Amino acid sequence: MRRREHAGIGFWRALSREPRRLVAMGLWSVLEAAPAFLIGHAVARAIEDGFARADPVTGLAWLAALGVAWLIAAVAARQVVLCVAAVAEPFRDGLLAHVVEGTLRQADGRDSAAVARATLQVELARDAFAAVVTTVRGFAFTVVSVVLGLVTLAPQALALVLPPFAAGLALFLASLPALARRQRAFLLADERLADAMTGVAGGLRDIEACGLQDRAYERLDRQVGDQAAAARALAGVTAARTAALAVGGWLPVVLVLAGTPWLLDGGLGPGVIVGTLAYVTQSLAPALGGLVQGLGVSGVRLAATLRRIAASAPAAPPVRPSLRPPSSDVRLASVTFAYGPHSAPVLDGLDLVIPEGDHLAVVGPSGAGKSTLAALVSGMLRPAEGEVLVGGVPAEQLDPDARVLIPQEAYVFRGTVAENLAYPRTPADLKERLDEAVAAVGVRELVDALGGYEAPLDPAALSAGQRQLVALVRAYLAPARLVILDEATCHLDPAAEARAETAFARRGGTLIVVAHRLTSALRARRILLMDGTRVTVGTHDELARVSPLYADLAGHWHPEPVS
């Protein structure tokens with residue numbers, strides 16, 4: 001039940017996330033539906049006030065007015081498509097995030113069905129969502145326009161048009177549950193066929209070697225037959241759509257033609273009757289046909305796909321409470337971590353204490369586990385054995401405001417310069433501290449070059465080093481007492497790197513720097529040297545004496561020339 005609610009919430013949340021877009025969509029829809037209201041009046045008046053009275057100018061004027069309405073509707077339709085896209089894309093992103101999170105929680109990552117959901121079903125859901133929003137919106141505005149048009153043109157005709165139209169609509173809506181069931185069965189059969197084909201393709205050599213061709217063929221043939229049967233069953237149920245369209249879309253035409261004498265006796269002219277038929281054939285019947293197609297195919301596909309995605313994703317783990325530690329000291333006790341059950345451990349039984357207020361540089365060759373250590377301390381990864389504590393609190397339960405991790409690739413988004421520097425807070429919250437942080441980290445020149453705090457920021461226009469400077473100011477402004485810089489200054493020149501790291505050291509709290517240059521180690525109080533699963537802690541002089549690896553690293557380092 002909870003999983004179904006997740007999919008449903010995603011649908012309605014996507015609609016309500018952008019209320020301004022919905023309002024704009026409604027306003028443009030009014031203009032798009034204008035021809036649906038005008039067509040009957042224009043045809044009736046063109047006949048009765050124009051051509052029937054030998055006044056072609058008046059007749060053509062009414063038809064020209066209808067043509068202008070169609071041109072305006074075309075412009076409005078384009079804007080409606082843009083509004084629908086603005087709503088559909090966030091829906092797709094949220095659904096894809098749900099699928100990816102569920103797949104990552106799977107015990108076995110080799111889930112071909114999950115891949116099918118991510119690559120096919122999410123795209124189907126996005127397209128179906130857009131189609132449903134477009135068709136239901138268009139249907140509603142068109143029906144209202146036609147009813148208003150008939151009320152003002154030929155109210156007597158409503159008795160001939162609305163009852164069969166309502167009956168056809170009811171017949172179609174009654175068939176939707178069966179359509180949804182058959183569509184879901186088809187999706188399940190499609191997934192089973194994809195899974196079977198993946199298994200056979202991956203084991204072709206073993207199948208050939210063991211002489212299992214006939215068994216593999218029978219299995220695939222059975223899956224193909226099941227999918228074909230599901231497709232035939234789905235096609236059979238869709239026949240209800242044709243019946244609904246005949247009753248709701250074309251029976252009103254027959255009734256209006258059959259009731260023409262009655263309408264004429266009621267004072268309606270021939271032109272008004274033709275206008276009534278125009279309402280039915282040119283607006284009402286196509287609107288019902290679009291709804292039948294949109295809901296009967298896209299709507300049913302959307303419901304079945306969302307239900308399938310929600311039911312297949314494993315339940316989210318219980319949310320652990322976020323705790324704010326009393327201090328920022330870090331303790332690793334017998335920590336072992338590997339990136340898979342059959343992988344060699346990156347860290348093996350590591351014990352480490354980083355007192356509050358310490359400035360620790362982490363150095364070592366590539367692949368030694370420096371970034372892994374940073375992720376464990378920040379709580380992004382959990383150890384297989386042992387524990388990582390920050391102020392006595394398990395790292396994975398830390399309050400987000402208690403620590404900040406800046407990786408090598410800095411995140412910058414479209415917005416103002418101030419919004420990027422202050423994220424996730426607002427510039428107004430940090431107005432007094434913003435100048436202080438910019439000056440301390442050494443970003444004033446960049447801010448001025450970008451046009452000041454209120455200038456728009458284009459991420460693509462920034463270099464990697466400039467993006468890192470923005471992220472460093474953001475970290476400096478954070479309330480966290482534990483700061484972890486995972487090669488967060490690797491794209492800066494040595495002088496800028498020195499200024500930024502010095503600023504963080506003076507900021508207070510505990511600072512851990514995964515060093516890109518050995519100069520970062522020289523500025524630290526202590527150095528952690530990582531060499532595979534072996535670690536050594538000490539000062540620069542101590543490590544140079546006791547560690548051949550560190551002595552080799554120091555021997556290949558040349559100080560940057562002072563400009």
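Tutor: Contact here means heavy atoms within 4.5 Å. The model is predicted. Among contacts in the protein chain with a separation of 6 or more, 77% join residues 24 or more positions apart. The chain has 563 residues, and 45% of them count as buried. Its secondary structure comes to 20 helices and twelve strands.

Now the helix pair. Helix α14 covers residues 431-441, and helix α17 covers residues 494-507. Their axes come within 8 Å and cross at roughly 130°. Angles over 145 degrees would count as roughly antiparallel, and 65 to 115 as roughly perpendicular. α14 and α17 are therefore oblique to each other. On the α14 side, A439, A440 and V441 make the contact.

Helix α5 spans residues 112-153 and holds S145. Buried means under 20% relative accessible area, so S145, at 10%, counts as buried. Leaving out residues up to four places away in sequence, S145 touches A33, A36 and F37.

Helix α6 runs over residues 158-202, which is 45 residues. At 1.5 Å a residue, α6 should span 66 Å. Its end C-alpha atoms are 63 Å apart, which agrees. α6 also has a kink of about 35° at L176, shortly before the proline P177.

Definitions and conventions. Residues numbered from 1 in each chain as written. Predicted model: local features only at pLDDT ≥ 70, side-chain atom pairs only at ≥ 80, totals over all residues. Heavy atoms only, no water. Axes fitted to C-alpha atoms, helices over the stretch in contact; angles between N-to-C directions. Helix = DSSP H or I, 4+ residues; strand = E, 2+ residues; numbered from the N terminus. Parallel < 35°, antiparallel > 145°, perpendicular 65-115°, else oblique. Buried < 20%, exposed > 50% of the residue type's maximum accessible area, 1.4 Å probe, protein only. Expected span 1.5 Å × (residues − 1). Bend = angle between axes of the 7 residues up to and from the residue.
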